[in-house]
Amino acid sequence: MIPREFEYHAPKNVPDALALLQQFGEDAKLLAGGHSLLPMMKLRFAQPGHLIDLGRISELKGIREESGVLRIGAMTTENEIIWSKLLQERCPLLIEGARLIADPQVRYKGTIGGDLSHGDPANDHPALMLALGASFVLRGPSGERVVPSDGFFISNYVTLLQPAEIMTEIRIPVPAPNTGYAYCKLKRKIGDFATAAAAVTLRMNGDRVQELAIALTNVGASVLKARAAEESLRGKVLDDATIAEAARLAMSICDPAPDQRGDAEYKVAMAGEMTQRALRTARSRVRR
Amino acid sequence: MTATTEVLEREAKLQGLGVSRLRKEDARFIRGKGTYVDDIKLPGMLFGAIVRSPYAHARIKSINKAKALAVPGVVAVLVADDLKPVKLDWMPTIGGDVQAVLAGKKVCFQLQEVAMVIARDRYCAADGADAVEVDYEELPAIVDPHKAMAPDAPIIREDIADKTEVGHGPRTHPNHIFTWEAGDKNGVDAAFSNAAVTVREEILNPRVHPCPLETCGCVASFDKVTGQLTVYITSQAPHLVRTVVAMLSGIPESKIRIISGDIGGGFGNKVPIYPGYVIAIVASIVTGVPIKWIESRIDNISTTGFARDYHGIGELAADKDGRIRALRFSALADHGAFNSHVSATKLPAGLFSICTGSYDIPKAYCRVDAVYTNKAPGGVAYRCSLRVTEAVYLIERMIDVLAQKLGIDKAEIRSRNFIKADKFPYTTSLGWTIDSGNYHGALDKVLKAVDYAGLRKEQAEKRAKGELMGIGISTFTEIVGAGPTKVCDILGIGLFDSCDIRVNPTGSAIARLGTMSQGQGHATTYAQIIATELGLSSDEIQIEEGDTDKAPYGAGTWGSRSTPVGGAAAALAARKIRTKAQKIAAHLLEVGEGDLEWEVDRFKVKGNPAQSKTMKEIAMAAHTSNLPPGMEQGLDATEYYDPPNLTYPFGAYVCVVDIDRHTGETKVRRFYALDDCGTRINPMIIEGQIHGGLTEAFAVAFGQAVPFDENGNHLGNSFMDYFLPTAVETPHWETDHTVTPSPHHPIGAKGVAESPHVGGIPCFSNAVVDAFAHLGVTHMDMPHTAYRVWQKCRALGIDRR
Amino acid sequence: MVKKQTVSFKLNGADVDVVVEPRELLIHTLRERLQHTGPHIGCETSHCGACTVDLDGMSVKSCTILTVQCQDAAVLTVEGLEQGGTLHAVQEGFTREHGLQCGYCTPGMITRAYRLLKENPSPSEEDIRYWMAGNLCRCTGYQNIVKAVQYAANKISLARTGT
């Protein structure tokens, strides 16, 4: 219940935060919403000597649209996402996903940047980002770079974010009109991580799939993009057979860790089931 | 205003028995002004943090306190050696065994207590606990109770290895605790040989944990000057704690004060005496300052009194028409590493022999074999009073199994076997005399309310389409209100209970009882009982429990004994007062006692009703000189109630589920619960108890377990995994009732709080199995998580689209 | 030894100053230093919600907030809801509808419901269950808690429309 002692820093801007990160190196951790980090520290699984709180940096907040791209500050909370009229109109997949994360109190503090930077394969935003073709703005001592979400997530707690970098912004191209979407998440109860989840975005050309993305949560060492499944559906109609085949291909790349949610066989099967549901739901949201 | 209206108005003013009056205790809780044990702060108080074993079974080679003592703010580190001089490194358990307070030579379950660090505040204490260095030598652990009695099984309890019995009869193996049996084994075996049909199932009641929202803890405060020990504690049984602490510490019981204030849920988890309490008490005696110990949630789930862990075999023998001729139930009971099983001395398997249920079963035999394993001690807990949940689960599952074997409808088979309404009091073949019941009436009412025939029709249609819909029935009889002292005692102390009422001159009253609320609403319900008996408003009757300096001796509240035992004591104490009041009234009105009749709140002269005296007037008179010659002043009474029998609330529940065969998820579409607890004191509070008990039953049936790996390591002992449903998962509950009073209880009340848990669990399970019954499935073990149900779908080949 | 910091914030409208280590959790500051024992501790993994307070207009689990993060914040606990001897509609709802038994989850529930009704003044039953899912209860089964929140929503709405 009680963390080890640490020094606390609350920089007012990004350059100060970066300087602190450089100064304390591996002994420092960034504090975003704190609802992944602080629980680990309370159980003493994580014991950083320094916490750098990003909560006072106003530059990291805000949701706006600029030239067809939604730009979301990394310290935007799940709750701010859910109540954002702009996102409700422009990017309902993100709303659907955020609503399935944790519980109301955690969502008041948990941030999209924290969720993405942590590299936890159980987190939900990575799949949503892959489905939306998002990119991340990373700022470090040598400047800023923009990295596509596809390829950012490497393994358990390993991403392309370097130790001296901070994710400052998430950029999502505004989905084209009439894009179908769904995030289907199987979980034991509200607040639980996914047993398996699938995020889908879908554009149709008549009754054939023009373009789509399928990404899977918590069935591998990191988020998985179901490329073979996607390929199997491009140009095809969506019927029971093609959807089942896509699900089979999605399942074939899964490698989940067994735990109290279920063994690997169950989780893989559920990844397939969530893929099927997400495809059907996304299809139903495309106006004919 | 007619006479009747006037009487009704006076009755309404009492807010007495039967009224859904709002609760008196709410005022402090809605303002955040409750006094739970972690709210207690005493001057000079220090904080204790326990160091616990990471291993399930290991020898302790050495303990090094040096680094911990060097942590700023740490005052002391206690280990077993520090408790030896006061002979408190071990303590006797309620189950007739001994339990390590702090592990000395070895540890026997993961997270067992090894040391306590005492520090200035909980932050230093946590740092200190982290710094204690313990050197362990790991030993192989026994996790599967079926392996506990293997010839080559590691011996867990070396401390009692030479003992041939541990309180309950001969042991056949060092890891054996006891074997208990009841009934007519030969008669049952014969009936099975001759039966037209027999059924057998292996039925698991998994280890679960009651998990009240407040964990256990205490503030122990020993005053070196006066020799007085005061302990604020999360205890459902403060008087029993006081007696045991006196026995353990040598401090006279008259110098020990145990105070249970507000308790954040008990459900049986707060009956046992935990090592943490004992160490805190010793620490306070040694240091002379108050010591607070509050356990963490993980500690709570991992080390305090679990429930169930009964590995059962159920067998029924019956005629072709489904009439049960004989019952043969057995269970292998995993008690963990110490037998701290809360149960009456003569009943090591609790009230398991209630397993004949609501049915007229001519021959029955049951047997429980209890063993040690490398897990935390416990067994009796979780809103079930003494193994009744295990017993009712077995019979309610087995009657469904029998129904399926014979192709008889599950409601019909129950109806054929029910004890008939005109047979009460009915003594079961295992010796319990059920006070009253109306099982047919309850079931018929429920089946009508849910349109049972319509549900079965719908089920047939859904099955034809390959969909899984289940209908679960549970017609349970519970046994609560432990109990008659010749049968029920703990360490020799009978399970009576008590009530002490004092009426003030100005006509309000205070009543103190030996029971202990943890949310059941005693401050309101006892006041209602007394209000109706005495004709005083329940608003003006203060109820107190939990302070052993004030309350008369009682065994506390475990799951459902307060109304049957405490409620009876309250009613009878009130009647003693009314008897005295009648004498005073007769004196004041200058008539004979026999000339008076009682009406709501006053005695009236028969034939001359204008002549009356209210209880309020009598209360004042009782403190004056105007009394019958020779009568003492005062208007109070104490009743120690030794119940003549337990009480037997019952119910009929129906549950409708829809199961997604692709994911294994179960949706509870409908749950209809009819409960009969006899006289209903406060319907609003009863309904609240039913909602809560059903929700706990739902949690048990669909997700709770305390799993271990093969080395005895916990796999799911925090809220990350231990299933406590939120408002989203929790179904909507429909409640109904019938009223069949208990003939032996002063107000006919039976108690209700456990019933929804006991009756709910088999109802959910029966619904899930029923969903698969047409595919030949006869039983599925809990918990019915989506994962486990999906595995069944997979095995049946129905999981794919 | 890490240096302590002075943190100043408002608690139920009153200015408070505390001197704390960075690692001190807000729940402990409230309960131990500021004598506000309304919010309770039910777990150490940020699940149960018994510690819920209202922080700058947000329902948060105070066991997962560092006090040092609260500089200049406005914190509201259950103790701050009753004004001038009048219970808040949510508090009244909980007792009128029997939405509490042991009372341990109640401060967190009430504080969360208070904020819920500001987010959504007329929630459906489904809304209430979903938006209260961060608060666990073992006693009530939630059914009467839903009714309590509905009672409060009605009362607040009537007060607002003046009918």
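**View 1. A salt bridge links Asp38(B) and Arg31(C).** The closest N and O atoms of the pair are 3.8 Å apart. A salt bridge here is a side-chain nitrogen of Lys or Arg within 4 Å of a carboxyl oxygen of Asp or Glu. Between chain B and chain C the count is six salt bridges. This is a predicted model: local features need pLDDT of at least 70, side-chain atom pairs count only at pLDDT 80 or more, and totals for chains, interfaces and linings use all residues. Residues are numbered from 1 along each chain as its sequence is written, chains are lettered from A and ligands numbered from 1 in the order in which they are written, and side-chain values use heavy atoms, with hydrogens and water left out.

**View 2. Polar contacts cross the interface of chain B and chain C.** The rule finds 28 residue pairs in polar contact, both residues at pLDDT 80 or more. Such a contact is a pair of N or O atoms within 3.5 Å; within protein, one must be able to donate a hydrogen and the other to accept it, and residues adjacent in sequence count only if both atoms are side-chain atoms. On the side of chain B that touches chain C, α2 (26-29), α5 (122-131), α9 (297-303) and α17 (683-702) each supply at least two residues. Helices (H or I, at least four residues) and strands (E, at least two) are DSSP runs, numbered from the N terminus. The largest share, ten residues, comes from α17(B).

**View 3. Chain B and chain C bury about 4400 Å² between them.** Carbon and sulfur atoms account for 55% of this area. Buried area is the accessible area (1.4 Å probe) that two parts lose on being put together, summed over both. Ile30(B), Tyr123(B) and Leu213(B) supply 19% of what chain B buries against chain C, more than any other three residues.

**View 4. Chain C has five helices and five strands.** Along the sequence, the pattern is β-β-α-β-β-β-α-α-α-α. The C-alpha trace spans about 55 × 35 × 25 Å along its principal axes. Of the 163 residues of chain C, 70% count as buried, meaning under 20% relative accessible area (1.4 Å probe, protein chains only).

**View 5. Thr614(B) lies in strand β30 (residues 608-614) of chain B.** Thr614(B) counts as buried because its relative accessibility is 17%. Leaving out residues up to four places away in sequence, Thr614(B) touches Asp601(B) and Arg602(B). Touching means contact, with heavy atoms within 4.5 Å.

Methods: Buried means under 20% relative accessible area, exposed over 50%, partly exposed in between (1.4 Å probe, protein chains only).
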